[in-house]
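Open your viewer, keep the sequence panel beside it, and let's walk through this model one selection at a time. Each stop says what to pick and what you will find there.

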Amino acid sequence: MTPTHHLPEDLLAVYAAGTCGEPEALFVATHLTLCKQCRESVAVLESIGGHTIETMTPMNVGVDVDALLARADSSSSKDAPKVDERLVAAQSQLAEAGMPTILARYLPDGLKWRFLAPGVKQVELDVRWNGYPARLVKFPAGYVVPMHTHPGSEYTIVLAGAFEDGDDTMRRGDVEVRDEAHRHELRITKDASCVCLFVADAAPIPLTWLGRLLRPFLG
Ligand SMILES: [Zn+2]
């Protein structure tokens, strides 16, 4: 299925210019593995900028993680290279789950789902934006994420299933960008569970009593 909600142009531009940070680069690169349209846009921007056009590889077809994230690596603070066996194992787990294998290098312990809230599980990624970790979250079908806002930026990609936000339905590959100007409630569709990648520079601020219960888990 082709995504219908794409990366904002300003984010594409800083990615193509190689000037965005590692969390944002991971977010962009993850969407690019699922979106031919945005891959072509990045290629055009890179050619305009005089950069070499890199071939973006669709997910699970020998993704060259190093090439995809080489630019982000220049700002990386990682202490030591990951053990290859772990990387291969994480790639295998992601592929089996139908998720982009580009995420593997950020899963040092593999795809281990942990409790976030009743029925909701998460995997923290080994990359932080302003100290706040990127994360994969798996919601059950029909789950409602209570009304909340964001003190900073939150980038979301749907990797499996779908959710509704207002009148929009976000499906696999779709991108949502939110900030303090937005208040929203996410409703997972009732037909299937939903997995999203969240990259944010701060924890969301719940606006309901129920949501406040989740606050300790998101800090
Ligand atoms: Zn796109």
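Start by selecting Cys38: this residue is buried, with a relative accessible area of 2%. Buried here means under 20% relative accessible area, exposed means over 50%, and partly exposed is in between, using a 1.4 Å probe and protein chains only. You are looking at a predicted model, in which local features need pLDDT of at least 70, side-chain atom pairs count only at pLDDT 80 or more, and totals for chains, interfaces and linings use all residues. Residues are numbered from 1 along each chain as its sequence is written, and side-chain values use heavy atoms, with hydrogens and water left out.

**Stop 1: the zinc ion**

Which protein donors does the zinc ion have? They are His6 through ND1, His31 through NE2, Cys35 through SG and Cys38 through SG, lying 2.1 to 2.3 Å from the ion. Donors are N, O and S atoms within 2.8 Å of the metal (3.2 Å for Na, K and Ca); water is not among the atoms, so sites may look incomplete.

Now check the geometry. The 4 donor atoms make angles of 95 to 127 degrees, and the site is tetrahedral. For four donors, that label requires all angles to lie between 85 and 135 degrees; four count as square planar and six as octahedral if opposite donors are over 155 degrees apart and all others between 65 and 115, and anything else is irregular.

In the sequence panel, the donor residues follow the spacing H-x24-H-x3-C-x2-C. His6 sits in the segment before helix H1 (9-16) and Cys38 in helix H3 (residues 36-48), so this pair, 32 residues apart, links distant parts of the chain. Helices (H or I, at least four residues) and strands (E, at least two) are DSSP runs, numbered from the N terminus. Color His6 by accessibility too: it is partly exposed, at a relative accessible area of 23%.

**Stop 2: the open sheet**

Next, show the strands as a cartoon. In what order do the 6 strands of the open sheet lie? The order is E1-E2-E3-E10-E5-E8, with antiparallel pairing. Two strands pair if DSSP finds at least two bridges between them. At the edges are strand E1 (114-117) and E8, each pairing on one side only. From one strand to the next, the twist averages 30 degrees.

- E1 and strand E2 (residues 120-129) run antiparallel and are joined by 3 bridges. Select Phe115 to find its bridge partner in E2, Lys121.
- E2 and E3 are antiparallel as well, joined by 6 bridges. Trp129 stands opposite Tyr132 in E3.
- Zoom in on the hairpin that E2 and E3 form: there are 2 residues between the strands, and Asn130 in the turn has a positive phi of about 60 degrees.
- E3 and E10 run antiparallel with 5 bridges between them. Here Arg135 stands opposite Phe198 in E10.

Stay a moment on strand E3 (residues 132-139), which is mostly covered, with 7 of its 8 residues buried.

H2 lies across E2, strand E5 (154-160), E8 and strand E10 (194-200), and runs at about 35 degrees to E5. Axes are lines fitted to C-alpha atoms, for helices over the stretch in contact, and angles run from 0 to 180 degrees between N-to-C directions; contact means heavy atoms within 4.5 Å.

**Stop 3: the salt bridges**

How many salt bridges does the structure hold? There are 5, each defined as a side-chain nitrogen of Lys or Arg within 4 Å of a carboxyl oxygen of Asp or Glu.

Select Arg178. One partner is Asp165, with the closest N and O atoms 3.4 Å apart. Asp165 lies in strand E6 (residues 162-165) and Arg178 in strand E8 (residues 175-178), so the pair ties together parts 13 residues apart in sequence. Glu176 also forms a salt bridge with Arg178, at 3.2 Å between the closest N and O atoms. Asp165 is buried at 9% relative accessibility, Arg178 at 17% and Glu176 at 4%.

Then move to Glu185 and Arg187, whose closest N and O atoms are 3.9 Å apart in their salt bridge. Glu185 is partly exposed at 29%, and so is Arg187 at 26%.

**Last stop: the whole chain**

Zoom out. The protein chain has 6 helices and 11 strands, and 46% of its 219 residues count as buried.
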